[in-house]
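Biologist: I have not looked at this chain before. Could we go through it step by step?

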Amino acid sequence: RGAATAVPTLHPDKDFGLNFSGTNEYAVPEDEATPVVSEVPLPTEVKANRSPREKLIAELTEMSTTAPAGSAADFTRRMSLDTYATIDRLRNILHGGFQRPEGEFQFKNGQVNYIQEGVGYELQLVAQMIQADFGSRIYYVSQDGYDTHGDQAGDHRNLLQALSQGIGNFFSMLESYGMADRVVLLTYSEFGRRVDENGSRGTDHGSGSCLFVAGQGVQSGVVGKHPSLAPDDLDDGDLKYHTDFRRVYASLLEDWLGVDSQVVLGEKFEKLPLIQKSA
């Protein structure tokens, strides 16, 4: 709920530039371990098409603010302004691209592993943006692969190991920046798993799940009792959850972000003891 908001989405293999030609205008040498964004000469026909497209976007961006709210012209104008501002800011923060050094790199307070891919890699980018005071109060990254209908044991172990290492490294980076006390991290998923194993050495979608809240301002400990695994205590094969997830959101919205949770969630939910009172 709320006003329309632009949410910049980043891809680790894309440069931070507007492509007016429909072709790859920036070349990344294949023999270099560290991608370097460098503009290459454009074919004559591409240059010819580029100028009119740039002009069109500029005209839409500079249109009068009297355009009807919610109209296509108003939407394009707002998105263009947000895009231009975001690209310029990201170029300054990331020096023209993602940095992928090998092995480890040195921070003032010790060594922090640089993870080359996956959720750990994306969390490193978030740490860089927080350190550079990018301005966003909420960031999210995703980790695929939890739809483990088959061979769950090994896959789940590897996923949680990558998640654990990524989160640990993320907070180590923030500590080296002196900013760990500014951040709370929440994990979440849109589905849980059923209790019984299926015929493919996995489990199918379930209604109950768990999540983690991490950070220096978090009140440590387990919230709620572990649900019973006894067949008679299940809800049609699913765990009986004990906490509405909206109570978690309400707690973080009010106790960490200082936001009226009822405006966001539509109604009032009882808070949980997730954030330390002094945080």
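Biologist: How many helices and strands does the chain have?

Modeller: This is a predicted model. Along the sequence the elements follow the pattern β-β-α-α-β-β-α-α-β-β-β-β-α-α. The secondary structure comes to six helices and eight strands.

Biologist: What share of the residues counts as buried?

Modeller: The chain exposes about 18,100 Å², with carbon and sulfur atoms supplying 51% of that area. A residue counts as buried when its relative accessible area is under 20%. Of the 279 residues, the buried share is 29%.

Biologist: Among contacts between residues at least 6 apart in sequence, what percentage joins residues at least 24 apart?

Modeller: A contact here means heavy atoms within 4.5 Å. Among contacts in the chain between residues at least 6 apart, the share that joins residues at least 24 apart is 55%.

Biologist: How far apart are the end C-alpha atoms of helix 3?

Modeller: Helix 3 covers residues 118-131, which is 14 residues.

Biologist: Is helix 3 mostly covered or mostly uncovered, and how many of its residues are buried?

Modeller: The buried residues of helix 3 include Val 119, Tyr 121, Leu 125 and Ile 130. After the helix comes Asp 133, with a positive phi near 55°. Helix 3 is mostly covered, and the number of its 14 residues that are buried is eleven.

Biologist: Which residue with a positive phi follows helix 4?

Modeller: Helix 4 takes in residues 152-177, and its 26 residues should span 38 Å at 1.5 Å a residue; the end C-alpha atoms are 37 Å apart, which agrees. Among its buried residues are Leu 159, Phe 170, Phe 171 and Ser 176. The residue that follows, with phi near 75°, is Gly 178.

Biologist: Is Asn 198 buried or exposed?

Modeller: Asn 198 sits in the loop between strand 6 (192-193) and strand 7 (205-206). Its relative accessible area is 19%, and the cut-off is under 20%, so Asn 198 is buried.

Biologist: Which residue has a side chain in polar contact with the side chain of Asn 198?

Modeller: Leaving out residues up to four places away in sequence, Asn 198 touches His 149, Thr 203 and Asp 204. A polar atom of the Asn 198 side chain also lies 2.9 Å from the backbone nitrogen of Ser 200. The side-chain to side-chain polar contact, at 3.0 Å, is with Asp 204.

Terms used:
Residues are numbered from 1 along each chain as its sequence is written. This is a predicted model: local features need pLDDT of at least 70, side-chain atom pairs count only at pLDDT 80 or more; totals for chains, interfaces and linings use all residues. Side-chain values use heavy atoms; hydrogens and water are left out. Helices (H or I, at least four residues) and strands (E, at least two) are DSSP runs, numbered from the N terminus. Buried means under 20% relative accessible area, exposed over 50%, partly exposed in between (1.4 Å probe, protein chains only). A polar contact is a pair of N or O atoms within 3.5 Å; within protein, one must be able to donate a hydrogen and the other to accept it, and residues adjacent in sequence count only if both atoms are side-chain atoms. The expected span of a helix is 1.5 Å times one less than its number of residues. Accessible areas come from the Shrake-Rupley method with a 1.4 Å probe; for residues, only the protein chains shown count as cover.
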